[in-house]
Amino acid sequence: MDQEAIKKILPHRDNMLLVQEAEVVDGVAHAKYHVSGEEFFLKGHFPGNPVVPGVILCEMMAQGAAVLLAGTSGMEGATPMFTSLDKVRFKSPVKPGDTLESESSIIKSKGPFYWCAAKGYVNGKLSVTAEFSFALVK
(Lines give C-alpha, C1' and ligand atoms only; values in the text may rest on other atoms or scores of the structure.)
Protein backbone atom coordinates (compact mmCIF):
# COMPACT_ATOMS: atom_id res chain seq x y z
CA MET A 1 0.00 0.00 0.00
CA ASP A 2 1.13 3.54 -0.65
CA GLN A 3 1.25 6.43 1.80
CA GLU A 4 -2.32 7.56 1.04
CA ALA A 5 -3.64 4.13 1.99
CA ILE A 6 -1.43 4.14 5.10
CA LYS A 7 -2.99 7.48 6.16
CA LYS A 8 -6.36 5.70 6.35
CA ILE A 9 -4.87 3.40 9.01
CA LEU A 10 -2.39 5.55 10.95
CA PRO A 11 -3.19 8.94 12.54
CA HIS A 12 0.34 10.29 11.91
CA ARG A 13 0.78 13.17 9.45
CA ASP A 14 3.35 15.54 8.00
CA ASN A 15 6.78 15.14 9.58
CA MET A 16 5.82 12.16 11.74
CA LEU A 17 4.34 9.78 9.18
CA LEU A 18 7.41 7.57 8.84
CA VAL A 19 6.09 4.82 6.58
CA GLN A 20 5.96 5.40 2.83
CA GLU A 21 5.03 1.88 1.71
CA ALA A 22 3.68 -1.12 3.58
CA GLU A 23 2.23 -4.54 3.04
CA VAL A 24 1.27 -7.45 5.24
CA VAL A 25 2.41 -10.91 4.16
CA ASP A 26 1.65 -13.98 6.28
CA GLY A 27 1.16 -11.95 9.46
CA VAL A 28 4.33 -9.87 9.02
CA ALA A 29 4.23 -6.15 8.23
CA HIS A 30 6.85 -5.06 5.70
CA ALA A 31 7.31 -1.29 5.67
CA LYS A 32 9.69 1.12 3.96
CA TYR A 33 10.88 4.64 4.56
CA HIS A 34 13.45 6.35 2.35
CA VAL A 35 15.56 8.90 4.25
CA SER A 36 15.84 11.91 1.95
CA GLY A 37 18.17 13.92 4.16
CA GLU A 38 15.67 16.78 4.54
CA GLU A 39 13.94 15.36 7.62
CA PHE A 40 13.65 17.61 10.66
CA PHE A 41 15.34 15.05 12.93
CA LEU A 42 18.57 15.14 10.91
CA LYS A 43 19.18 18.89 11.20
CA GLY A 44 20.98 18.64 14.53
CA HIS A 45 21.75 14.91 14.65
CA PHE A 46 24.62 15.35 13.80
CA PRO A 47 25.85 18.42 11.86
CA GLY A 48 28.20 17.24 9.12
CA ASN A 49 27.41 13.57 9.85
CA PRO A 50 23.62 13.08 9.79
CA VAL A 51 22.36 9.86 11.39
CA VAL A 52 18.72 8.90 11.96
CA PRO A 53 18.11 8.95 15.75
CA GLY A 54 17.45 5.56 17.30
CA VAL A 55 14.08 6.58 18.70
CA ILE A 56 13.00 7.55 15.16
CA LEU A 57 14.04 4.12 13.88
CA CYS A 58 11.89 2.56 16.61
CA GLU A 59 8.98 4.80 15.59
CA MET A 60 9.37 3.73 11.95
CA MET A 61 9.18 0.07 12.93
CA ALA A 62 6.21 0.64 15.28
CA GLN A 63 4.26 2.46 12.57
CA GLY A 64 4.92 -0.47 10.27
CA ALA A 65 3.63 -2.83 12.94
CA ALA A 66 0.48 -0.74 13.39
CA VAL A 67 -0.42 -1.53 9.77
CA LEU A 68 -0.99 -5.11 10.97
CA LEU A 69 -3.87 -3.91 13.11
CA ALA A 70 -5.86 -2.40 10.24
CA GLY A 71 -8.47 -5.15 10.34
CA THR A 72 -8.35 -5.70 14.10
CA SER A 73 -11.51 -5.24 16.10
CA GLY A 74 -11.10 -2.15 18.26
CA MET A 75 -8.70 -0.39 15.88
CA GLU A 76 -11.43 1.85 14.47
CA GLY A 77 -11.03 5.33 15.96
CA ALA A 78 -8.10 4.24 18.14
CA THR A 79 -4.60 5.67 18.27
CA PRO A 80 -1.69 3.25 18.75
CA MET A 81 0.37 4.58 21.68
CA PHE A 82 3.78 3.24 22.74
CA THR A 83 3.74 1.58 26.15
CA SER A 84 7.24 0.07 26.16
CA LEU A 85 10.48 -0.44 24.26
CA ASP A 86 12.66 -3.41 25.11
CA LYS A 87 15.70 -5.25 23.79
CA VAL A 88 16.54 -2.42 21.39
CA ARG A 89 19.83 -2.97 19.58
CA PHE A 90 21.42 -0.69 17.01
CA LYS A 91 23.69 -2.56 14.64
CA SER A 92 24.59 0.05 12.01
CA PRO A 93 23.63 3.69 11.41
CA VAL A 94 20.90 4.76 9.01
CA LYS A 95 21.87 7.82 6.97
CA PRO A 96 20.44 10.06 4.25
CA GLY A 97 19.95 8.12 1.04
CA ASP A 98 19.20 4.89 2.92
CA THR A 99 15.86 3.10 2.82
CA LEU A 100 14.92 1.42 6.08
CA GLU A 101 12.95 -1.75 5.38
CA SER A 102 11.31 -3.11 8.49
CA GLU A 103 9.64 -6.38 9.35
CA SER A 104 7.29 -6.37 12.32
CA SER A 105 5.11 -9.05 13.82
CA ILE A 106 2.73 -9.22 16.73
CA ILE A 107 4.00 -11.70 19.31
CA LYS A 108 1.21 -11.31 21.87
CA SER A 109 -1.97 -9.36 22.53
CA LYS A 110 -4.29 -8.86 25.47
CA GLY A 111 -7.24 -6.53 25.23
CA PRO A 112 -6.09 -3.21 23.78
CA PHE A 113 -2.38 -4.08 24.30
CA TYR A 114 -0.09 -5.50 21.61
CA TRP A 115 3.52 -6.72 21.86
CA CYS A 116 5.65 -6.75 18.73
CA ALA A 117 9.07 -7.80 17.52
CA ALA A 118 10.72 -5.87 14.72
CA LYS A 119 13.86 -5.74 12.63
CA GLY A 120 15.06 -2.94 10.36
CA TYR A 121 17.39 -3.43 7.39
CA VAL A 122 19.27 -1.20 4.96
CA ASN A 123 20.32 -2.94 1.74
CA GLY A 124 19.70 -6.31 3.40
CA LYS A 125 22.00 -5.51 6.33
CA LEU A 126 20.47 -5.59 9.82
CA SER A 127 20.45 -2.07 11.30
CA VAL A 128 18.13 -2.24 14.31
CA THR A 129 16.09 -4.74 16.32
CA ALA A 130 13.52 -4.12 19.02
CA GLU A 131 10.60 -5.44 20.95
CA PHE A 132 7.91 -2.97 21.88
CA SER A 133 4.33 -2.75 23.01
CA PHE A 134 1.54 -0.33 22.44
CA ALA A 135 -2.06 0.19 23.41
CA LEU A 136 -4.95 1.14 21.18
CA VAL A 137 -6.35 4.24 22.88
CA LYS A 138 -9.78 5.62 21.95
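Me: Which residues of the largest nonpolar core touch the most other members?

Reply: A nonpolar core is a set of buried Ala, Val, Leu, Ile, Met, Phe, Trp, Tyr and Cys residues joined through side-chain atoms within 4.5 Å, where buried means under 20% relative accessible area, exposed over 50%, and partly exposed in between (1.4 Å probe, protein chains only). Here the largest core has 25 residues, and Phe41, Val52, Leu57, Met60, Val94, Phe132 and Phe134 touch the most other members. Two or more residues come from each of α2, β5 and β6, with α2 giving the most, namely six. A second, separate core of nine residues includes Ile9, Ala22, Ala31 and Val67. Please note that this is a predicted model, in which local features need pLDDT of at least 70 and side-chain atom pairs count only at pLDDT 80 or more, while totals for chains, interfaces and linings use all residues. Residues are numbered from 1 along each chain as its sequence is written, and side-chain values use heavy atoms, leaving out hydrogens and water.

Me: With which residues is Leu57 in contact, leaving aside its neighbours within four places in sequence?

Reply: Contact means heavy atoms within 4.5 Å. By that criterion Leu57 touches Val52, Phe90, Val94, Leu100 and Val128, its neighbours within four places in sequence being left aside.

Me: What pattern do the secondary structure elements follow along the sequence?

Reply: Helices (H or I, at least four residues) and strands (E, at least two) are DSSP runs, numbered from the N terminus. The protein has two helices and six strands, and these follow the pattern α-β-β-α-β-β-β-β.

Me: What is the order of the strands in the open sheet?

Reply: Two strands pair if DSSP finds at least two bridges between them. The six strands of this open sheet have the order β1-β2-β4-β5-β6-β3, with antiparallel pairing. Because β1 (21–25) and β3 (79–90) at the edges each have a single partner strand, one side of each is left without a neighbour in the sheet. Direction ignored, neighbouring strands are turned by 25° against each other on average; axes are lines fitted to C-alpha atoms, for helices over the stretch in contact, and angles run from 0 to 180 degrees between N-to-C directions. Helix α2 (residues 54–66) lies across β2, β3, β4 (99–110), β5 (113–122) and β6 (125–137), at about 60° to β6.

Me: How many bridges join β4 to β5?

Reply: Nine bridges join this antiparallel pair, and Lys110 has Phe113 in β5 as its bridge partner. Two residues lie between the strands of the β4 and β5 hairpin, where Gly111 takes a positive phi near 60°. The antiparallel pair β5 and β6 has ten bridges, with Lys125 in β6 as the partner of Val122. That hairpin also has two residues between its strands, and Asn123 takes a positive phi near 50°.

Me: What is the radius of gyration of the protein?

Reply: The radius of gyration is taken over C-alpha atoms, and the globule rule is 2.2 Å times the number of residues to the power 0.38. The protein has 14 Å, which agrees with the value near 14 Å for a compact globule of 138 residues. Buried residues make up 41% of the 138 residues.
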